[in-house]
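Subject: Structure handover

Hello,

Please find the structure below.

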Amino acid sequence: MSVTLLIEQLLNGVQLGTMLFLMASGLTLVFGVMGLINLAHGSFYMVGAYATAAVTASTGSFLTGLAAGMAAAAVAGALVELIVIRRLYHRPHLDQVLATFALILIFSEGTRWIFGSSPLRLSPPSWLTGFVTLPGNTRYPIYRLVLIGVGIVIAIALYVLISRTRLGMRIRAGESDREMIGALGVNISKLYTVVFALGAGLAGLAGALVGALQSVQVGMGEPVLILAFVVIVIGGIGSIKGALLGALLVGVVDTLGRVYLPIFFRAFMPPSEASGVGAALAAMLIYILMAIILAFKPKGLFSAHD
Amino acid sequence: MINTTSQRAPGAVKAPGTERHFDRKGLVQMTLLGLLLILPVVAYFLGHLYYVNLASRITIIAMAAVGLNLAIGYGGMVSFGHAAYFGLGGYVAGISAYHAFDFTPFMSWPISVPGSDNLLVIWLAAALLCALLALVIGAISLRTTGVYFIMITLAFAQMIYYFANSWPTYGGEDGLPIYIRNTLPLLDTGNALTYFLICFIGLILAMALTSRLMKSRFGAALTMARLNDVRLATSGISPYPIRLVAFVISAAITGLAGALYADLNGFVSPTVLSWHFSGELMVIVILGGVGRLYGPLAGAVLFVMMETLLGGITQYWQLFLGLVLLGVVLFAQHGVMGLLAGRERNE
């Protein structure tokens, strides 16, 4: 249990947390403003990654690819909002779940149709590969540090957007009273499209950034989507602050659990059994965390809706 | 409201609309059930075992959806995690057969629990364990409502999924094959038709139970908990225990279906625990018509047929499933049974 390992895993946890925040902030905004539960959010994550991989491969520039990926996800989000989601705002949650589940099937199979079943290759640009040496002699990949940086920048940008700009004012007003801001002359349907596209764009950015770290494949958005659900349930649905704290909590707890639980069980169990028990318990850890938090605070840590 | 026609004196003038409505619904229901029973028998004697097993699959999936319909349709509890109970039921059958096969005990401390290949024991264990799991999950999840409830049930199901995936003893992500067909006294469960009939009886019992429950005082309370829980509380009945009991029964039915499914396939894997399967079960309930007794059956028939027919034409059949589903949600809110047999609930 060296310090190096601890620092490295803490950073990994924070990196996972920041990417989860990019997903969760969009989900929680869409729920907070429109009262809509969107399962297809993971599809925008996938669209962002695929568009980035395709454009990076043809232009050779990762940054161009990244911009294209984010734009593609935002456009996909806007289109989906205009064609489908718009009809669902006044429907029960059950209909929203099913319609967006249908969207997942359409997006996933459509992508498989266009790009095939095998994963696409996407790697970070050469100037972002390599390692830095941190205090305590920890060697850590630059790219992961950059991901953490991007997450922090986006978090600050979102904070400024929501608390300092006119659009943010409308979003906050939409969260507290939808009918009233409509009556005051704000174009609600345009606001909804913008918020939805913003959330989709952030998801696409997360997909592209993580896609360069892991792999770009059909269904890559689904595990992240479910983690993002856990995040916003813990943080309180509709709260950006809750999404940030929830994301960091889930990221760190999940990462540390996977590393340290098997080590912990090895202290008093035969190694083969310990790794099994440890891995199984680590996989369940964040859900247990969620259950404990909900047992005390059924509306999450920072609920925007009381 | 079904009884409006039968309460009239014989010979009295009946409102033509209600009469036709009742007949059409009864006709659709009987046709559905009759075809499901007769076609596999015919297929069996013509030697097409594939179709018998397909019918068993439809029947089992329908039974799982009957369980889910009790929670979603009648109780208004949108559970996105019923795959957990279906999968747990399947793993009870698989694990029990695994220990019966190599004569090791499932548990040796504090009490010795041997494996068993007796289906009655397996079904009882599956139903009880699923009820117990649903009691724990439900007790926590039902403290919340709306979107929170959807996401929490989903998250708990994912927890079970990842647990099964990473627990190496029973196959982990590779799944657990069942080398022996679990047995019933006096019956040859390895026979495709016999097994179909067992599943069919299971489905009928599950539907009969739902019907009886919903006609009882408990059913009335559950309906009120869905429509207006404040009013229910005012009349002196606390909604929480009513919902919890309905949730537990719902999970037990789905779990039994899961045990039947594992034995049909001779295999159980984390796939049946995945959230995709929870979604598919919901799709089936919606396709058929939410909160209708025959809805899950109609939905399961339609779903498995689409899967089989479209899947034979294109490997991207889920794309078309998605489009159909989107169409149903946006434009046909009362499901197949609503289209075929007229609206049932006055909502």
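This is a predicted model: local features need pLDDT of at least 70, side-chain atom pairs count only at pLDDT 80 or more; totals for chains, interfaces and linings use all residues.

Residues are numbered from 1 along each chain as its sequence is written, chains are lettered from A and ligands numbered from 1 in the order in which they are written, and side-chain values use heavy atoms, with hydrogens and water left out.

Salt bridges

Side chains of opposite charge can pair when their charged atoms come close. A salt bridge here is a side-chain nitrogen of Lys or Arg within 4 Å of a carboxyl oxygen of Asp or Glu. Over all chains there are six. I describe three of them.

In chain A, Arg91(A) pairs with Asp95(A), with 3.1 Å between the closest N and O atoms. Both residues are buried (buried means under 20% relative accessible area, exposed over 50%, partly exposed in between, with a 1.4 Å probe and protein chains only).

Asp254(A) and Arg258(A) form another salt bridge, at 3.3 Å from N to O. They are about one helical turn apart because they sit four residues from each other in helix α10 (residues 240–266) of chain A. Helices (H or I, at least four residues) and strands (E, at least two) are DSSP runs, numbered from the N terminus. Asp254(A) is buried at 7% relative accessibility, whereas Arg258(A) is partly exposed at 45%.

In chain B, Asp229(B) bridges to Arg243(B), again with a closest N and O distance of 3.3 Å. This pair links distant parts of the chain, 14 residues apart: Asp229(B) lies in helix α8 (residues 229–234) and Arg243(B) in helix α9 (residues 239–265) of chain B. Asp229(B) is partly exposed at 30%, and Arg243(B) is buried at 15%.

A helix and a loop

Of the 24 residues in α8(A), 19 are buried.

Most residues other than glycine have a negative phi. Leu186(B) is not a glycine, yet its phi is positive, about 75°. It is in the loop between β3 (176–177) and α6 (192–215) of chain B, and it is exposed at 90% relative accessibility.

Cavity and pocket

On a 1 Å grid over the protein atoms alone, a cavity is a set of points where a 1.4 Å probe fits but cannot get out, and a pocket is an open set with protein on both sides within 12 Å along at least five of seven lines; lining residues have an atom within 4 Å of a point. Grid points are joined across faces, edges and corners, and a volume is the space filled by probe spheres set on the points.

There is one cavity of 30 Å³ or more. The largest cavity has a volume of about 60 Å³, and its lining includes Leu39(A), Met46(A) and Glu222(A).

The second largest pocket has a volume of about 1,200 Å³. Of its 33 lining residues, the closest to the centre are Leu88(B), Ile95(B), Phe106(B), Leu129(B) and Tyr170(B). Helix α4(B) gives the largest share of this lining, nine residues.

Regards
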